[in-house]
Amino acid sequence: MGKRPNVAVIGAGLSGLRCTDILIQNGARVTLFEARNRVGGRVHQTKIHTHLIDMGPNWIHGTGKNPIAAIAEATGTVLEDFEGNQALISPDGKAIDDDTASRISEVLWTTIENAFEYSNIHKDTIPPDRSLLDFIREKVEETDLTTTEKDLCIESSRLWGAYVGDPIERQSLKFFCLEECIDGNNFFVASTYKNILKHVSQAALQRADIRFNQPIVKIESEPRQDLRSPGKVTLTTASGETFQFDEVVVTCPLGWLKRNKQAFTPELPPRLTQAIDSISYGRLEKVYVTFPRAFWHADTTTTTTETSPKYTNFTNPTFAQFLNPTYTSPPKNIIWNQECISLAALPPSCAHPTLLFYTFGPCSTYIVSKLATIPSSTTTTTSSSSSDDESYNLLNTFLHPFYSRLHGYSASSPDCTPLAFTATQWQNDPYAGNGSYCNFQVGLTQGDRDIEVLRAGLGVDRAVWFAGEHTAPFVALGTTTGAYWSGERAAGQICNLYGLGRVGIGLERDDSLPSARAKGLL
Ligand SMILES: Cc1cc2nc3c(=O)[nH]c(=O)nc-3n(C[C@H](O)[C@H](O)[C@H](O)COP(=O)(O)OP(=O)(O)OC[C@H]3O[C@@H](n4cnc5c(N)ncnc54)[C@H](O)[C@@H]3O)c2cc1C
């Protein structure tokens with residue numbers, strides 16, 4: 001086309017930042033509209049007490065050719081291969097011994113591996129209403145675990161909800177293959193995503209025209225005359241200003257698209273609307289609670305006597321899972337299993353006496369809806385460090401039954417009284433799409449095709465491109481890596497169209513289905 005395009009990117013999350021970076025490197029003019037007063041979107045840090053914590057992602061999923069892992073390394077980000085002790089707490093609040101816990105865990109993870117393989121191979125014939133839980137129940141029944149262990153294993157399998165943001169009875173077995181990640185270990189980002197975000201946002205902050213606090217409410221596009229002409233897209237901000245661009249990249253979260261289809265003129269095509277409606281949006285939230293001391297870790301200087309059964313997972317936990325807790329009174333019909341990670345188990349430079357609880361599905365919606373009624377809590381975060389405070393009391397009432405089951409708890413010890421809580425409220429945040437990230441729920445019939453339709457956006461014809469975690473390559477959907485790659489892809493498409501360079505663009509991404517690889521089709 002031989003013209004330097006004038007491009008708008010909507011959203012300064014990882015996808016928008018990466019897209020902006022590539023476009024600028026290849027000579028496009030970029031205006032970045034961001035609804036908030038900061039970059040990062042769902043990648044965001046805050047403090048609990050004096051400790052820096054991530055409100056959004058804190059894992060890097062897979063290390064095989066993962067650009068986020070490479071950025072972590074380049075920026076001196078501390079990662080932890082968190083394969084630690086998993087304490088399982090039984091329905092009556094007691095620790096389950098190490099041998100039983102490891103038998104249960106082995107069956108569970110083997111079954112999940114098998115479910116991936118099964119979904120990959122049989123995706124086309126698995127009925128849409130079959131859930132991951134159905135599969136796990138069936139397979140666990142075939143094992144030689146005792147009846148009690150089988151029940152505990154099923155309860156333990158509910159932890160998968162914290163990966164996808166909704167309960168496993170909602171996880172589609174047919175499209176479970178779309179949850180498979182890049183090869184390699186999952187790393188916990190011990191020093192937070194702060195330096196990664198700083199690195200990814202550098203070019204945009206220095207060289208793009210960034211408009212903070214400028215939510216876009218209208219995207220009007222005219223058909224491109226021919227492939228050699230620039231497009232014509234008009235954006236309207238919430239304050240009523242209008243701007244015209246040659247190309248627009250929309251990185252608003254899937255949850256935002258679901259609620260704002262009317263922002264597009266002309267109307268979105270029916271197949272794109274169907275894709276936006278069909279793919280679900282998860283409800284993962286976090287509650288951090290910090291203490292004066294990590295009372296749940298046994299003092300390793302004291303000598304232990306050899307006993308059987310052993311409880312080392314319980315006395316030095318990295319993770320704890322509370323199975324079918326009968327010692328709390330949850331709201332009716334809401335599964336109240338919980339799990340947490342000990343941030344005291346991180347490398348010494350990053351460790352602090354904090355537990356990170358993950359909540360999801362109806363449970364997280366319940367907590368977030370209660371927080372929303374407390375005037376002092378903001379839309380994304382609730383932080384509370386005073387026991388007079390309503391949110392402190394709400395969160396303590398919620399979590400006390402769980403942290404008080406951990407090793408070393410004593411009601412009379414000041415070490416066991418929380419100093420502060422911080423809870424996310426992504427479901428109350430319209431610019432996060434009122435949720436966490438895309439997931440694939442029972443009833444979905446064409447999940448892989450829907451993602452391809454989302455990636456195509458309005459296409460070259462309308463000059464409106466889509467990016468964001470929901471348009472990522474299949475192996476990276478719902479992740480920071482996927483968001484980053486999706487921004488790179490959208491920028492690359494615009495660069496191709498205008499005959500710009502390909503500076504900074506990584507290798508061609510493998511956008512194929514995992515099942516294609518499983519069947520040896522590639
Ligand atoms: C609780 C939680 C835990 C997670 N854990 C992990 C994890 O461990 N590992 C992992 O890889 N991923 C994780 N994720 C997912 C990861 O955060 C996302 O996949 C990724 O950050 C999405 O980037 P994005 O650019 O697609 O979207 P976003 O980061 O949401 O960026 C979109 C941007 O658009 C802006 N915006 C929205 N609407 C408008 C509008 N109308 N006008 C202008 N601007 C607008 C938003 O403010 C935002 O800045 C987690 C997410 C959550 C919420």
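## A four-stranded sheet

What is the order of the strands in the open sheet of 4 strands? The order is S12-S11-S10-S14, and the pairing is mixed. Strands here are DSSP runs of E with at least two residues, and helices are DSSP runs of H or I with at least four; both are numbered from the N terminus. Two strands pair if DSSP finds at least two bridges between them. This is a predicted model, in which local features need pLDDT of at least 70 and side-chain atom pairs count only at pLDDT 80 or more, while totals for chains, interfaces and linings use all residues. Residues are numbered from 1 along each chain as its sequence is written, and side-chain values use heavy atoms, with hydrogens and water left out.

S12 and strand S14 (264-265) stand at the edges of this sheet. Each has a single partner strand, so one side of each lacks a neighbour in the sheet. Strand S10 (residues 216-222) pairs with S14 in the parallel sense, over 2 bridges. Glu-220 stands opposite Thr-265 in S14. Thr-265 is also joined to Pro-266 by a cis peptide bond, with omega at about -5 degrees. Pro-266 is in the loop between S14 and helix H9 (270-278).

Another open sheet has 3 strands in the order S5-S8-S6, with antiparallel pairing. Its edge strands are S5 (59-61) and S6 (79-80), and each pairs on one side only. S5 is joined to strand S8 (residues 186-189) by 3 bridges. Ile-60 has Phe-187 in S8 as its bridge partner.

The loop between S8 and helix H7 (194-207) holds Thr-192. Thr-192 is not a glycine, yet its phi is positive, about 75 degrees. With a relative accessible area of 4%, Thr-192 is buried. The terms work like this: buried means under 20% relative accessible area, exposed means over 50%, and partly exposed lies in between (1.4 Å probe, protein chains only). Asn-333 also has a positive phi without being a glycine, at about 65 degrees. Asn-333 is in the loop between strand S17 (319-322) and strand S18 (338-342). Its relative accessible area is 76%, so Asn-333 is exposed.

## An enclosed strand

Is strand S21 (residues 420-424) largely enclosed or largely open? In S21, 5 of the 5 residues are buried, so the strand is largely enclosed by the rest of the structure. Ala-420, Thr-422 and Thr-424 point one way, while Phe-421 and Ala-423 point the other way. Strand S16 (residues 285-290) runs antiparallel to S21, and 4 bridges join them. Val-287 has Ala-423 in S21 as its bridge partner.

## Aromatic pairs

Rings of Phe, Tyr and Trp (its six-membered ring) pair if their centres lie within 6.5 Å; planes under 30 degrees apart are stacked, over 60 edge-to-face, and the rest tilted. By this rule there are 26 aromatic pairs. Phe-33 and Phe-245 form an edge-to-face pair, 5.9 Å centre to centre with 85 degrees between the planes. Phe-33 lies in strand S2 (residues 29-33) and Phe-245 in strand S12 (residues 242-245), so the pair ties together parts 212 residues apart in sequence. Both Phe-33 and Phe-245 are buried.

The rings of Tyr-118 and Phe-135 have centres 5.3 Å apart and planes at 40 degrees, so this pair is tilted. Tyr-118 is in helix H3 (residues 98-122) and Phe-135 in helix H4 (residues 132-141), 17 residues apart. Tyr-118 is partly exposed at 31% relative accessible area, whereas Phe-135 is buried at 2%. Ring pairs also link a cluster of Phe-322, Tyr-327, Trp-336, Phe-357, Tyr-366, Phe-398 and Phe-402.

## Around the ligand

How many residues surround the ligand? There are 38, and the closest are Ser-15, Glu-34, Arg-36, Arg-42 and Thr-480. A residue counts as near if one of its heavy atoms lies within 4 Å. Helix H1 (14-25), S5 and helix H15 (480-498) each supply at least two residues of this shell.

Polar contacts are pairs of N or O atoms within 3.5 Å. A ligand oxygen is 2.6 Å from an N or O atom in the side chain of Glu-34. A ligand nitrogen is 3.1 Å from a polar backbone atom of Ala-35, and a ligand nitrogen is 2.9 Å from a polar backbone atom of Trp-59.

Notes. A polar contact is a pair of N or O atoms within 3.5 Å; within protein, one must be able to donate a hydrogen and the other to accept it, and residues adjacent in sequence count only if both atoms are side-chain atoms.
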